[in-house]
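I opened this entry to record what I looked up in one structure. The notes follow the order in which I went through the topics.

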Amino acid sequence: MGIKVENLSYSYSGNRKGKPALENVSLEIEKGEFAVISGAAGAGKSTLIKHLNGIFLPQEGRVTVDGLDTRTREVRRKVGMLFQHSQNQLFEETVYREIAFGPSNFGILGEELEKRVYETLSLVHLDTGILDRPPFSLSGGEKRRVALAGILALRPAYLVLDEPTAGLDPEGRAKLLGRLQNIHRKGVGIVVVSHTLEEILPFAQKVISMEEGRIVFTGSPEEYLRAGYSPVPPLARLMKELNKKGANLRESIFTAEEALKELQKFRLEKPERDRGISEKGAEEKGAEEKRIEEKEAQDNA
């Protein structure tokens, strides 16, 4: 059934006369879909996702997850939430207890609980040797992965992440996105909030763009680029600029590999295109000369 948001409005002040954080927002995220929510700071992205698992409840409108109202406890298990500073979500004495906390609250105990702890630890590429360590003794990157493991141990149907790559170096960002891709392949719906799209778009199936508490665009990454919304990934912007100078390149480019293939294709096609232009020009020139000769012959007759 997916996540469905219908006519959602929300104001932090509670005053309907003030400017709302969300205003008449409606959207759908299909089960198993990889969606990215983009927009400038203050656009309403974080406020919106806090409605997806019942952290915030609608003041107006309705939010359902697989047909369940977000007021129901089951939605908390279905929708896992990883905030930007996910290390602040940690509070248990050991990594094992941290990962086990969520499932145990939903009645998962014994062998099944232990199985989930080890499975999710492996999924986020952490060694079992850290299970008895305090989470606060870990590095920043390890803390993020422990927080993610704790959410995945609930086996959510959807995983929502708020600016997950913020503060990570290029290698850390690439590894995190690779893990998200693997999780998505297992059938988990992914919703990523990000104001920088260049890293997320290669994986996304749907783009939701927000401005001042409203949704201004919903569609595929290709449709997003064609519609001219911002921000635009650097590679797509480069293709657009080259097209302005006479190239004929696909603008819905999201990765360096795609850009290289497109440029190589253009390079191979260019001689043929230039030869075609040259031949056409010669034909036009010949036809013009013939018209002039015929006119002169008529004048002399």
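**Aromatic pairs**

I counted ring pairs first, taking rings of Phe, Tyr and Trp (its six-membered ring) as paired if their centres lie within 6.5 Å; planes under 30 degrees apart count as stacked, over 60 as edge-to-face and the rest as tilted. By this rule there are six aromatic pairs. In one of them, tyrosine 10 and tyrosine 12 have ring centres 5.4 Å apart and planes at 85°, so I noted the pair as edge-to-face. This is a predicted model, in which local features need pLDDT of at least 70 and side-chain atom pairs count only at pLDDT 80 or more, while totals for chains, interfaces and linings use all residues. Residues are numbered from 1 along each chain as its sequence is written, and side-chain values use heavy atoms, with hydrogens and water left out.

Is tyrosine 10 buried or exposed? I used relative accessible area, with buried meaning under 20%, exposed over 50% and partly exposed in between (1.4 Å probe, protein chains only). Tyrosine 10 counts as buried at 13%, and tyrosine 12 is exposed at 52%. Ring pairs also link Tyr10, Tyr12 and Phe56 into a cluster.

I then looked at phenylalanine 91 and phenylalanine 101, an edge-to-face pair with 4.9 Å centre to centre and 90° between the planes. Phenylalanine 91 lies in the loop between β6 and α3 (95–105) and phenylalanine 101 in helix α3, so the pair ties together parts that are ten residues apart in sequence. Helices (H or I, at least four residues) and strands (E, at least two) are DSSP runs here, numbered from the N terminus. Phenylalanine 91 is partly exposed, with a relative accessible area of 48%; phenylalanine 101 is partly exposed as well, at 31%.

**The six-stranded sheet**

Which strands form the open sheet, and in what order? I found six strands in the order β6-β7-β8-β3-β9-β10, with mixed pairing. Two strands pair if DSSP finds at least two bridges between them. The edge strands are β6 (79–82) and β10, each of which pairs on one side only. Neighbouring strands of this sheet are turned by 15° against each other on average, direction ignored. For such angles, axes are lines fitted to C-alpha atoms, for helices over the stretch in contact, and the angles run from 0 to 180 degrees between N-to-C directions.

Leucine 82 stands opposite leucine 161 in β7. Helix α5 (residues 140–152) touches β6 and β7, and its direction makes about 170° with that of β6. Helix α6 (residues 170–185) touches β3 (34–38), β7 and β8 (189–193), and its direction makes about 150° with that of β8.

Methionine 210 stands opposite isoleucine 215 in β10. Their hairpin has two residues between the strands, and glutamate 212 there takes a positive phi near 50°.

**Positive phi elsewhere**

Most residues other than glycine have a negative phi. I therefore listed asparagine 7, which is not a glycine but has a positive phi of about 50°, together with its relative accessible area of 43%, which makes it partly exposed. Asparagine 7 lies in strand β1 (residues 3–10). Aspartate 66, also not a glycine, has a positive phi of about 50°. Aspartate 66 sits in the loop between β4 (60–65) and β5 (68–69) and is buried at 13%.

**Helix α8**

Which residues of helix α8 (residues 234–244) are buried? They are Ala236, Met239 and Asn243. These residues cover an arc of only 60° around the axis, which puts them on the same side of α8; the arc is that of the directions from the helix axis to the C-beta atoms. An α-helix has 3.6 residues a turn, so residues three or four places apart point the same way. Glycine 246 follows α8 and has a positive phi, near 110°.

**Whole chain**

The protein chain has nine helices and ten strands, and 44% of its 301 residues count as buried. Of the contacts with a separation of 6 or more, 60% are between residues 24 or more positions apart.

Methods: Contact means heavy atoms within 4.5 Å.
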